[in-house]
Amino acid sequence: MKKRTKKNLIKILGVIVFLIFTAIVSYYLDFANEEKEQDTNTYKVAEKQNFNLDIEGKLQIHFIDVGQADAILIKQDEHYMLIDAGKNDSEERLVNYLKEQKITKFDYIIGTHAHEDHIGGMDKVIDSFEVDNIFFPKQTATTKTFESFVKSVKSKDKKLYAPNSGESFNFGDATFKVLAPNLQKYDESNNYSIVIKLTYKNKSFLFMGDAEELSENEILKNNYDLKCDVIKLGHHGSRSSTSTKFLNEVMPSAAVISAGKDNDYGHPHKETMIKLQRANIPVYRTDESGTIILFSDGDNISFNVKEGTYNYGR
Ligand SMILES: [Zn+2]
């Protein structure tokens, strides 16, 4: 009789342990699913590190994580600029991110060139915000993405402006100069990329779009002052961009790469990462850190994330 009671007790205990275990597992599964759902709607900005609060709000550059694509928000006080708008499938998230920044109007929206990973979300952005100037190179495409971009521009009674190489513009307390494209016609779409150098007090920033070596060589020929503090590397860190000659002229203190984690192109490429590592240039990467925010007061620069690795794709 006693043995039986013991056996029953063990059985009951076993059932209780099993029920508790099931409850815990299902709770965590729900939690994980919820986290996943949240991830698709909002961007998580990594914890702020080595970041000086005093300089927040002067100049901010957000390299927004839009996967294997580019979308860069620049804020200078109440002035806003967007360089590229990521792909079609991330436009909802991009617009949500921009709305969170309390943007009322863009001074400038720049579509660097016609590829979908740069202008995919442009129609939605233009539909959702007021904008003063929309820059785009003298390039056309027969894609749906390009057509809906142009349609949105027209619906706002705006015209695309193709800036000339060497032209300068005011942007709040900052200025920027257009360095490329330098020709009217290219075989490779990437080389139509509008390249700009932004200067804020004593600091400057180079945004390369997907410009390749051919465009870099044209920029070099113009004898522009290319020295800058931070460069957004051309073409997601591809070997087709960032020639040694160009990098030597730019001599950046840091490089930013906008690329998707484990992307099909193997970006960033080995050749680029080796050049950066040899030159001791710290690299910040959206594929490793998610959205990267740079802060500057015009004398100092800090990032919200730690430096990335020199690992490269295959
Ligand atoms: Zn691209």
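Why does Ile83 count as buried?

1. Ile83 has 24 C-beta neighbours inside 10 Å, and therefore counts as buried. A residue is buried if 20 or more other C-beta atoms lie within 10 Å of its own, exposed if 12 or fewer, and partly exposed in between, with C-beta atoms placed from the backbone.

2. On the source: this is a predicted model, in which local features need pLDDT of at least 70, side-chain atom pairs count only at pLDDT 80 or more, and totals for chains, interfaces and linings use all residues. Residues are numbered from 1 along each chain as its sequence is written.

3. Ile83 belongs to strand 3 (residues 79-83). Strands (E, at least two residues) and helices (H or I, at least four) are DSSP runs, numbered from the N terminus. Beyond its neighbours within four places in sequence, Ile83 is in contact with Ile72, Ile110, Thr112 and Phe207; contact means that the C-beta atoms, placed from the backbone, lie within 7 Å.

4. Phe207 stands opposite Lys232 in strand 11. Strand 11 (residues 230-232) pairs with strand 10 (residues 203-207) in the parallel sense, over three bridges. Pairing requires at least two bridges found by DSSP between two strands.

5. An open sheet with mixed pairing is formed by seven strands, in the order 7-8-9-10-11-12-13.

Note on methods. Two residues are in contact if their C-beta atoms, placed from the backbone, lie within 7 Å.
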